[in-house]
Amino acid sequence: MPRQMALTFDFDGESSVYYRRTEFENQAPALDTGLREFGPLVGMDRILDMAKQVGIPITVYVPGRIVDKYPENCRRIVAAGHELGLHGYDHERWGELSAEEELDVMRRSIAAMEKITSGPFGFRSPAWALNDRSLDILIDLGVTYDSSLMQKDTTYLVQTPSGRTLPEVPVHWSLDDWPYYGFIPNAGRGSRPVAPSELMTLWYEEATGILEYGGQPVLTCHPQISGRAGRVLALRGLVTRFQAEGVEFVPMKQLAAQATGEPVRFPLRW
Ligand SMILES: [Zn+2]
């Protein structure tokens with residue numbers, strides 16, 4: 001059994017400011033938007049350089065807004081051989097969408113992505129929020145897998161409320177950079193940033209445990225915060241540490257294609 005994991009990035013950029021601003025974002029819009037623009041302006045290219053240095057594929061989930069606003073940035077990701085996945089259009093808060101809006105957002109995000117590369121695509125919901133209908137919408141639109149749930153720590157099949165199945169490549173907050181790097185003091189969001197070495201130690205221990213139990217760790221990073229200089233170097237160090245132990249980094253679509261076993265019901269009150 002190969003020991004595999006995936007390094008993924010949610011390339012949000014400033015997409016969410018086109019949706020509905022929070023109270024803080026309205027108070028300091030330039031500060032908030034500029035913080036997010038660090039991803040497309042600096043962070044993403046640094047991450048591409050790092051992936052090239054260590055010779056791994058990464059998977060990048062991109063809101064349609066960022067695809068349309070920064071097409072060259074996204075073409076560089078594809079040209080380097082990396083997987084692109086869907087992530088809403090304006091990083092919508094999924095739970096606020098009506099069924100019609102959700103379908104419209106999915107269609108617009110797929111259309112944006114198809115200007116850059118051909119599908120089919122996988123999907124990760126903004127902030128990992130899903131509605132009861134979401135997985136059925138994905139299947140209807142030809143999306144090949146979801147990566148928003150936390151029911152297991154190994155790739156599995158999830159059964160939708162309508163009884164169909166879709167591969168799920170699960171995530172977890174402990175393997176996400178946001179709780180550790182996502183510091184926005186004025187908004188009262190996030191905690192004090194941790195040292196990159198501290199987070200890499202945490203991820204090393206969490207991922208080693210998942211590998212030991214036969215699972216596939218999925219790291220979720222955001223270029224606007226993990227693309228900062230010292231953090232990219234730390235991430236490179238973590239990747240080379242796992243490579244030295246024989247762990248293979250693979251695209252998410254490769255993990256999704258390995259989903260087998262008894263389907264797990266979508267987390268609802270059945
Ligand atoms: Zn996101």
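Two strands pair if DSSP finds at least two bridges between them. Helices (H or I, at least four residues) and strands (E, at least two) are DSSP runs, numbered from the N terminus. The model is predicted: local features need pLDDT of at least 70, side-chain atom pairs count only at pLDDT 80 or more, and totals for chains, interfaces and linings use all residues. Residues are numbered from 1 along each chain as its sequence is written.

**View A. Strands E5, E4 and E8 form an open sheet.**
The order is E5-E4-E8, and the pairing is mixed. Strand E4 spans residues 156-159 and pairs with E8 in the parallel sense, over two bridges. Val158 faces Val264 of E8 across this pairing. E5 (165-168) and E8 (264-265) are the edge strands, each with a single partner strand, so one side of each has no neighbour in the sheet. Strands of a sheet pair through backbone hydrogen bonds, either parallel or antiparallel.

**View B. Strand E1 is mostly covered.**
E1 runs over residues 4-10. E1 pairs in the parallel sense with E7 (residues 248-249), over two bridges. Here Met5 stands opposite Phe249.

**View C. Phe9 has bridge partners in E6 and in E2.**
Strand E6 (residues 218-221) pairs with E1 in the parallel sense over four bridges. In E6, Cys221 is the partner of Phe9. Strand E2 (residues 59-62) also pairs with E1 in the parallel sense, over three bridges. In E2, the partner of Phe9 is Val60.

**View D. Helices H8 and H10 pack at an angle of about 30 degrees.**
H8 covers residues 196-212, H10 covers residues 229-244, and their axes are 9 Å apart. Axes are lines fitted to C-alpha atoms, for helices over the stretch in contact; angles run from 0 to 180 degrees between N-to-C directions. The two helices are therefore roughly parallel (under 35 degrees; over 145 is roughly antiparallel, 65 to 115 roughly perpendicular, the rest oblique). Their crossing is right-handed (the near helix is turned clockwise from the far one by less than a right angle; anticlockwise is left-handed).

**View E. Residues of H8 and H10 meet in this contact.**
H8 contributes Pro196, Ser197, Met200, Trp203 and Tyr204. H10 contributes Gly230, Arg231, Ala234, Gly237, Leu238 and Arg241. Contact requires C-beta atoms, placed from the backbone, within 7 Å.

Key. Two residues are in contact if their C-beta atoms, placed from the backbone, lie within 7 Å. A residue is buried if 20 or more other C-beta atoms lie within 10 Å of its own, exposed if 12 or fewer, and partly exposed in between; C-beta atoms are placed from the backbone.
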